[in-house]
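This report looks at a cavity, a pocket and some ring contacts. Please keep the model open while reading.

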Amino acid sequence: MIGIIDYNAGNIRSVEHALAALNCEYVISKNPAELERADKLIFPGVGDARYAMEQLKQTGFDSFLKDKTAAGIPILGICLGSQIIFDYSEEGDTECLGLVPGRIRHFSSINKRFPFKVPHMGWNDIYYTETEKSAPCRLFTEVPEHTAFYFVHSYVIQPEDTRIVTAAADYGISVPAAIRSGNVYALQFHPEKSGEPGLRILKNFAERIPPAGGC
């Protein structure tokens, strides 16, 4: 069963509708205790990193996510949920969960003369990195390279170990679009808003990623 974490900062309904369309067994809760039996977790998010971290701390999901990561439960972060799994975000000068080493930086912080509009919003193709090509992950099974997905973000994942990046998109710079670090998976784009390819990724997470984690 998949648990969807509701911490008042997530795109919960669109994720719920996507899983329902796939006939996946899932439960949504604002209470960590109600998700204890979930063998996989989806951690969505939209909006501001500082507010999201405040909500995680108030609900107890901060320690819950750390404990589940340590226990090897597969976790899929989406959009903001793909960012605050790292150590720190420039958005609101925010200390984040620290599930994966790295920082989150604004486009303009990476390139002072960034040439494109921010936020990065709309459809963009992804390409697979050498990590994904050399050790394919089941998350992208039957998802061809250069498939377009829907992005909305102003901040960019900057992992300490760039080898965890499995897919990226071009938007003035190379934008990490997907990462894999042990049992933690993260997507900067919105699979639940990306049509059939996005549903395929969610289906792969539900059916192909072993409950104990790993590819």
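## Cavity

Strand β13 gives the most to the lining of the largest cavity, with three residues. Strands here are DSSP runs of E with at least two residues, helices are runs of H or I with at least four, and both are numbered from the N terminus. The model is predicted: local features need pLDDT of at least 70, side-chain atom pairs count only at pLDDT 80 or more, and totals for chains, interfaces and linings use all residues. Residues are numbered from 1 along each chain as its sequence is written, and side-chain values use heavy atoms, with hydrogens and water left out.

The structure holds one cavity of 30 Å³ or more. Its volume is about 30 Å³. On a 1 Å grid over the protein atoms alone, a cavity is a set of points where a 1.4 Å probe fits but cannot get out; lining residues have an atom within 4 Å of a point. Grid points are joined across faces, edges and corners, and the volume is the space filled by probe spheres set on the points.

The lining consists of E132, C137, L139, F140, T166, A178, I179, R180, Y185 and A186. By class, seven are nonpolar, one is polar and two are charged. Nonpolar covers Ala, Val, Leu, Ile, Met, Phe, Trp, Tyr, Cys and Pro; charged covers Asp, Glu, Lys and Arg; the others, Gly among them, are polar.

## E132

E132, part of that lining, is found in helix α6 (residues 130-134). E132 is buried, at a relative accessible area of 6%. Buried means under 20%, exposed over 50%, and partly exposed in between (1.4 Å probe, protein chains only).

Which residues does E132 contact, neighbours within four places in sequence aside? They are C137, F140, T166 and R180. Contact means heavy atoms within 4.5 Å.

## Pocket

The largest pocket holds about 180 Å³ of space. A pocket is an open set of grid points with protein on both sides within 12 Å along at least five of seven lines. Its lining includes V46, G47, C79, E91, P119 and H190. Elements α4 (80-83) and β10 each give two or more residues. The lining divides into six nonpolar, five polar and one charged.

## Aromatic rings

A search of the whole structure finds twelve aromatic pairs. Rings of Phe, Tyr and Trp (its six-membered ring) pair if their centres lie within 6.5 Å; planes under 30 degrees apart are stacked, over 60 edge-to-face, and the rest tilted. F107 and F114 form a tilted pair, 4.7 Å centre to centre with 35° between the planes. Both F107 and F114 are buried. F151 and F189 pair edge-to-face, at 5.7 Å and 65°. F151 lies in strand β10 (residues 148-153) and F189 in the loop between β14 (184-187) and α7 (195-207), so this pair ties together parts 38 residues apart in sequence. F151 is buried at 0% relative accessibility, and F189 is buried at 0%.

Ring pairs also link F107, F114, F116 and Y171 into a cluster. Elsewhere, the charged end of K40 sits over the ring of F205, 5.8 Å from its centre. The test is NZ of Lys or CZ of Arg within 6 Å of the ring centre and within 35 degrees of the ring normal.

## N124

N124 sits in strand β8 (residues 120-125). N124 is buried, at 15% relative accessibility. Among its contacts beyond four places in sequence are F151 and Y171.
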